[in-house]
Amino acid sequence: MNSQINELINRSSGWYNGYGKHSDIVISSRLRIARNLEGYHFPHWCNERDLRSIEQIIIQGLKKSSYFNNFEIFNINEMEEQESQILMERNLISGDFLKNRGRILVLSKKAPFSLIINEEDHVRMQIFACGIELKKAWESLNEMDDIFEDLFHCAFSSKYGYLTSCPTNCGTGLRASIMIHLPSLVFSNKIESALKSAGKVGLVVRGFHGEGSESLGNLYQISNQTCLGRTEEEIIENLTNVGESLVRYEEKSRDIILEKYKYEVEDAIWRSYGILTNCRTITTKESFELLSKLRLGVSLGLIKNISFQHINELYFLIQHAHVIHQLKSDNIIERHALRASIIRSHLLAE
């Protein structure tokens, strides 16, 4: 399993390459749909034998389709805890998924697709895209869903739509989210009012790793709260409109702070660059804080020799499990030192 994780870490993925719409502010878009096999209990009502049966039915069915030929299987039960933590740090699985041993992640080697088997639902299919690309991502995910439903009968109600273990996911079963970087709104103390606007139109704001996590480096995950009563297109349009509104608000705020606090902003950005390219130990939290300012500097055109892709990659590589995996030790000082080395090598490689 170790080699499989190494390959995943070293594999370049287009969804964080920094070339999507508004990708200087919106890191990524993610769509996830929940589906359950007809005639089976939801996972939390299943015993271990039932879970294994559902797992085998799904995996054997996927193997029948050429569409899923390039997918690889990560059996969480066969992985070291630190290795499975890497999957969570990449937002491929949730923290709850880690708590429930024996689950399966099916991941595409060539496209930003994955399937989570036996988490809250029998299957959760998801896709990532760079920037605000929810509509384009939905076209691809909808195709995968059609192929999946040709292979399996999914639990569906004419009244409630797709049936899911959590009532808020019934209906379309679709969760749409964006990861957005809002440093200027935080700097100008306007972030709270800006995010409140999302709540007024049925969206929820979460931290870097979703529900129950904190915001790191001025990064926020915004997603729809419910799936019932709206079509997939309506959910996506609502989130896209709010996302683009926040982008405009952040851009306007950047213009204002540059006009009013030009030297303070530039000083903060260049100090961050200096620390990140010269420090010898650094924590995860400080790394995210400084990378936030550096990313702002790249977006404003102040930093010329660093790409968004390199910063986006660092968001993964500097996290706890990623560093320990490379270090093969959990010594705290060595961990902070290796993190600093990873950052320097990425930023100075440009």
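Two strands count as paired here if DSSP finds at least two bridges between them, and that idea runs through the close-up views below. All of them show a predicted model.

**View 1. Met179 faces Gln221 across a strand pair.** Met179 stands opposite Gln221 in strand S10. The two strands of this view, S8 and S10, pair in the antiparallel sense over five bridges. On its other flank, S10 (residues 219-224) is joined to S9 by four bridges, and these strands run antiparallel too. There, Val205 stands opposite Ile222 of S10.

View 2. Step back and you find an open sheet of eight strands with antiparallel pairing, in the order S2-S3-S4-S5-S1-S8-S10-S9. Strand S2 (71-75) and strand S9 (203-206) stand at the edges; each has a single partner strand, so one side of each is left without a neighbour in the sheet. From one strand to the next, the twist averages 20°. Helix H5 (residues 134-151) packs on the sheet, where it touches strand S1 (26-35), S2, strand S4 (113-117), strand S5 (123-130) and strand S8 (174-181). The direction of H5 makes about 25° with that of S1. As a handy reminder, strands of a sheet pair through backbone hydrogen bonds, either parallel or antiparallel.

**View 3. Strand S10, covered on both faces.** Which residues of S10 lie on each side? Leu219, Gln221 and Ser223 are on one side, Tyr220, Ile222 and Asn224 are on the other, and all are buried. With six of its six residues buried, S10 is largely enclosed by the rest of the structure.

**View 4. Strand S5 and its two partners.** S1 and S5 pair in the antiparallel sense over eight bridges, and Ser29 has Ala129 of S5 as its bridge partner. Five bridges join S4 to S5, again antiparallel, with Leu115 partnered by Met125 in S5. S4 and S5 form a hairpin with five residues between them. Look for Asn118 in the turn, which has a positive phi of about 65°.

View 5. Setting aside residues up to four places away in sequence, Ile180 touches Ile25, Val26, Asn218, Leu219, Tyr220, Ile222, Gly243, Leu246 and Val247. In soluble globular proteins, nonpolar side chains tend to be buried together.

**View 6. Helix H7, with a buried face.** The buried residues of helix H7 (residues 191-199) are Ile191, Ala194, Leu195 and Ala198. Seen down the axis of H7, these residues fall within an arc of 90°, so they line one face of the helix. An α-helix has 3.6 residues a turn, so residues three or four places apart point the same way. On the other side of H7, Glu192 and Lys196 are exposed. The cover over the buried residues of H7 includes helix H6 (183-187), S9, S10 and helix H8 (232-260).

**View 7. Cysteines without a disulfide.** How many disulfides does the structure hold? The count is zero. For Cys170, the nearest cysteine sulfur is that of Cys166, 7.9 Å away, whereas a disulfide would need the two sulfur atoms within 2.5 Å. Cys170 is buried, with a relative accessible area of 13%. Cys279 also counts as buried, at 12% relative accessibility.

**View 8. Thr283 in its loop.** Thr283 sits in the loop between helix H9 (262-278) and helix H10 (284-299). At 32% relative accessibility, Thr283 counts as partly exposed. Leaving aside neighbours within four places in sequence, Thr283 is in contact with His336 and Arg339.

Conventions:
Residues numbered from 1 in each chain as written. Predicted model: local features only at pLDDT ≥ 70, side-chain atom pairs only at ≥ 80, totals over all residues. Heavy atoms only, no water. Axes fitted to C-alpha atoms, helices over the stretch in contact; angles between N-to-C directions. Contact = heavy atoms within 4.5 Å. Buried < 20%, exposed > 50% of the residue type's maximum accessible area, 1.4 Å probe, protein only. Arc of directions from axis to C-beta.
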